[in-house]
Amino acid sequence: MVDGELYKFLEKSYNGDLYYVIAFPDVRIGGLMPSRQTIPLSLIHPLRDRLEYALLEIGVVVPSEKIRWRVKVNGISVTKEFKPHAVSPSGDRLFAKLVYDVTSILKTPESIRRRRVNVTFKTEGSADILIRQIGLLTLYPTEEARTTVSFLSGSVSLKPGEKKAFETSYGESMGELKTVIYIPSKRVLGKIKINRSTIHEISNMQGIDEINLRLSDLSARNIIEIEHVETDEKYYPKELILSTILLYNRVYREPRLEIIEYSVPEIIPIAGGLLKIRVRNSGESIPDRALLIVMLHGNVIARKKLEKIPPGMDVDVDINVKLPEGEHDLVLRIVWNKLSKTYFTDKRIRVKAG
């Protein structure tokens, strides 16, 4: 019989963006180790001040459920009790999963100003706690994106020969699947299936990690199944631990920047010369940030921040470069962001300096 469960904390379609950040600290508190530990998570979404919803998930390995601890986010107490949503065995210990709504904490003016979220753990007593996983899922309303998401979190232990299936109401044909799984040994063989078809085999992995897969031909309702395949291999602990399933699709009104013209001096002076570049936005929206970078042999030799170019508009950019004497192949790279997605495009040019 399979131990543990994943619970569905979020399933919806909405006008907005999704941002998920995860860390695998593998640090211990309590016992012979320090009783306090702070772990930062990056939160650099451009719509931080419009946060609508935030879920914090914590995965820890503990000797029992009788743990005394405190958890704070950005200095504000989240809990003073150890009450996991799901627990399942991992060898002679337990993998416990806790999920908290931290929206109100991250919407405070102090948190909005920060580019990271500090999660602080403090144990009270002698219990040895291994902090294995911290994840933060945030949602931001905007008319610039449409997102569909199913988010399941918990703790499921699969011994060899066991499998567990989860049903999601999704409604999109395309999607990205993130699964967080603890693999006890490189000898483990596992399978991830969608609607009975194997889409990924787990092998030659050890420890906790995030598996990312791009999917197509999804149904309105999908069965996601994780299987721990029984083999003749011996390893300990025997349990494969499933911690998180995140299935989502984001459709953006995207900007699309491109270099449509450029001119360079016939010979660029050693002291420096101007490259004249025309950039066009042939997309549907304005980028949040854009940068023009000039690279030589993979090294950045010049960069310039671009103004926010409206759709269908061009902008002329002058950028100064200094080069050693001789002929060179330069890469002109435009990097831009829209919400939580980053894009880039390159153009190679031949120049002479002297």
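Is Tyr-343 buried or exposed, and what is its relative accessible area?

Guide: Tyr-343 is buried, at a relative accessible area of 13%. Buried here means under 20% relative accessible area, exposed means over 50%, and partly exposed is what lies in between, with a 1.4 Å probe and protein chains only as cover. Before going further: this is a predicted model, so local features need pLDDT of at least 70 and side-chain atom pairs count only at pLDDT 80 or more, while totals for chains, interfaces and linings use all residues. Residues are numbered from 1 along each chain as its sequence is written, and side-chain values use heavy atoms, with hydrogens and water left out.

Now for the rings. Phe, Tyr and Trp rings (the six-membered one for Trp) pair if their centres lie within 6.5 Å; planes under 30 degrees apart are stacked, over 60 edge-to-face, and the rest tilted. That rule gives four aromatic pairs. One of them is Trp-69 with Phe-82, whose ring centres sit 5.1 Å apart with the planes at 70°, so this pair is edge-to-face. Trp-69 belongs to strand β6 and Phe-82 to the loop between β7 (76-79) and β8 (86-90), so the pair ties together parts 13 residues apart in sequence. (Strands are DSSP E runs of at least two residues and helices are H or I runs of at least four, numbered from the N terminus.) Both Trp-69 and Phe-82 are buried. Back at your tyrosine, Trp-336 and Tyr-343 make a stacked pair, 5.6 Å centre to centre with 10° between the planes. Trp-336 is buried too, at 4% relative accessibility. Ring pairs also link Trp-69, Phe-82 and Phe-121 into a cluster.

Trp-69 and Phe-121 turn up again in the packing. A nonpolar core is a set of buried Ala, Val, Leu, Ile, Met, Phe, Trp, Tyr and Cys residues joined through side-chain atoms within 4.5 Å. The largest such core has 64 residues, and the members that touch the most others are Val-60, Trp-69, Leu-106 and Phe-121. A separate second core has 25 residues, among them Leu-152, Tyr-170, Leu-218 and Leu-247. In soluble globular proteins, nonpolar side chains tend to be buried together. Contact means heavy atoms within 4.5 Å. Leaving out residues up to four places away in sequence, Phe-121 touches residues including Ile-29, Ile-58, Trp-69 and Ile-134, as well as Arg-36 and Arg-70.

Asn-249 lies in strand β19 (residues 240-252) and is buried, at 14% relative accessibility.

On to the charges. A salt bridge needs a side-chain nitrogen of Lys or Arg within 4 Å of a carboxyl oxygen of Asp or Glu, and the whole structure has 28 of them. Glu-124 pairs with Arg-68, the closest N and O atoms being 3.9 Å apart. Glu-124 is in the loop between β10 (116-123) and β11 (129-141), and Arg-68 in the loop between β5 (53-62) and β6 (69-73), so the bridge ties together parts that are 56 residues apart in sequence. Glu-124 is partly exposed at 27%, whereas Arg-68 is exposed at 55%.

Another bridge joins Glu-327 and Lys-352, at 3.9 Å from N to O. Glu-327 sits in strand β25 (residues 326-338) and Lys-352 in strand β26 (residues 341-353), so this pair connects parts 25 residues apart in sequence. Glu-327 is partly exposed at 46%, and Lys-352 is partly exposed at 37%.

Stepping back to the whole chain, you have two helices and 26 strands. Of its 354 residues, 49% count as buried. Its C-alpha atoms fill a box of roughly 75 × 45 × 40 Å along the principal axes. Among contacts with a separation of 6 or more, 78% come from residues 24 or more positions apart.
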